[in-house]
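Please open the structure in your viewer and keep the selection tool at hand. The tour goes from one stop to the next, saying what to select and what is found there.

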Amino acid sequence: MFFAFLIFCTLAADTPSPLSGQICLDKDGFSCNAIDGIWGAKSERAQELRQSTRQSFGPYGNLFRIEAVTQADLDALVAIPKEPADKAKLPHMGYESIKEMFAERGHLSPRGLERLNPGIDWSHVAVGTKLVIPDFPSIEENLAAGDPLKQKKSKRPLAEVVKVSLSKFEITVWGTNGTCLALFPCSIAKDKAKRPQAGELRVVTKIPHPNYTYTPDFVPKGRKASKHILMDGPNNPVGVAWIGLSLPTYGIHGTPKPETIGSAESHGCFRLSNWNVARLYALVKIGTKVVIEP
């Protein structure tokens with residue numbers, strides 16, 4: 001069955017399909033968020049915006065890679081407790097399962113990962129288990145590319161302006177001559193009063209692997225708020241990267257819940273999937289213009 005699936009993967013690289021289409025769009029920088037092989041509104045928007053730019057795209061190389069689960073992968077798993085005080089005791093807020101880990105590596109939804117790997121018992125994944133995922137650079141590679149010294153030496157185009165659309169739930173990245181470099185679906189504040197006014201901001205900080213200070217939303221009268229520092233990791237509330245904006249307390253960051261991207265459910269900041277915030281981190285620098293649009 002695995003060999004038959006490899007043949008399917010090979011054909012997918014040459015035959016148009018929702019799955020291969022989503023992967024190619026993502027490789028070009030136009031994300032539908034989590035790849036699942038189901039063509040929907042986010043895929044259509046990514047395709048529409050890519051077609052509107054005059055860039056040349058591809059070649060794509062291999063769309064998939066086979067990766068074996070290692071002992072290091074299993075050792076890195078953690079159980080995330082519910083209470084903030086208990087979360088603060090963790091040295092790292094890593095992945096809770098191999099499914100979660102490999103879905104993020106492949107920019108996949110959990111269901112998309114399952115479809116690519118039929119027959120896997122996800123509750124008992126052993127060392128050496130071979131999994132097929134779309135072939136993308138790692139989150140770490142993109143975070144490393146966002147280092148200011150590496151950005152100066154690289155020929156990779158950087159963002160001239162980042163546009164955040166509150167109505168479209170998306171972030172677009174624009175280079176020189178009005179070239180669109182990337183599209184990332186995002187989430188915005190659920191409370192309309194917490195959404196920033198339309199206008200121009202700037203990137204003022206870039207922090208890879210941030211920690212997070214938890215403060216409860218509600219504190220009973222007469223009691224002091226209990227703050228807890230949650231350590232870095234993909235399951236940290238702000239994900240793998242923080243891009244701070246010139247509006248105090250506001251930023252663009254990752255999330256441990258990529259399935260929520262594309263909705264109004266954040267506390268105020270702009271959320272991206274971890275793999276997309278890492279890619280945005282590589283494209284912006286301190287001082288990059290960020291335009292908030294209605």
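A residue counts as buried when its relative accessible area is under 20%, as exposed when it is over 50%, and as partly exposed in between, with a 1.4 Å probe and protein chains only. Helices (H or I, at least four residues) and strands (E, at least two) are DSSP runs, numbered from the N terminus. What you see is a predicted model, in which local features need pLDDT of at least 70 and side-chain atom pairs count only at pLDDT 80 or more, while totals for chains, interfaces and linings use all residues. Residues are numbered from 1 along each chain as its sequence is written, and side-chain values use heavy atoms, with hydrogens and water left out.

**First stop: helix H6**

Select residues 98-105, which form helix H6; 6 of its 8 residues are buried, so the helix is largely enclosed by the rest of the structure. The buried residues are Ile98, Glu100, Met101, Phe102, Ala103 and Glu104. They pack against several elements, among them strand E2 (130-134), helix H8 (139-145) and helix H10 (274-283), where contact means heavy atoms within 4.5 Å. Just after H6, select His107, which takes a positive phi of about 60°.

**Second stop: helix H2 and Gln22**

Now move to helix H2, where 8 of the 10 residues are buried, so that this helix too is largely enclosed by the rest of the structure. Select Gln22, which is found in H2 and counts as buried at 1% relative accessibility. Which residues does Gln22 touch, not counting those up to four places away in sequence? They are Cys32, Ile35, Asp36, Gly37, Ile38, Trp39 and Ser43. Just after H2 comes Gly29, with a positive phi of about 105°.

**Third stop: rings**

Rings of Phe, Tyr and Trp (its six-membered ring) pair if their centres lie within 6.5 Å, and planes under 30 degrees apart count as stacked, over 60 as edge-to-face and the rest as tilted. By this rule the count comes to 1 aromatic pair. Select Phe30 and Phe57, whose ring centres are 5.9 Å apart and whose planes stand at 90°, so the pair is edge-to-face. Phe30 lies in the loop between H2 and helix H3 (41-52), and Phe57 in the loop between H3 and strand E1 (64-68), so the pair ties together parts that are 27 residues apart in sequence. Phe30 counts as buried at 0% relative accessibility, whereas Phe57, at 26%, counts as partly exposed.

Most residues other than glycine have a negative phi, and most peptide bonds are trans. Select Gly58 and Pro59, which are joined by a cis peptide bond with omega of about -5°; Pro59 is found in the loop between H3 and E1. Then select Phe169, which has a positive phi of about 55° although it is not a glycine, and which sits in the loop between strand E3 (161-165) and strand E4 (170-174).

**Last stop: the largest pocket**

On a 1 Å grid over the protein atoms alone, a pocket is an open set of points where a 1.4 Å probe fits, with protein on both sides within 12 Å along at least five of seven lines, and lining residues have an atom within 4 Å of a point. The largest pocket has a volume of about 1,000 Å³, a volume being the space filled by probe spheres set on the points. Of its 34 lining residues, select Tyr212, Pro237, Val238, His267 and Arg271, which are the closest to its centre. Strand E8 (212-214) is one of the elements that each supply at least two lining residues, and E8 gives the most, with 3 residues.
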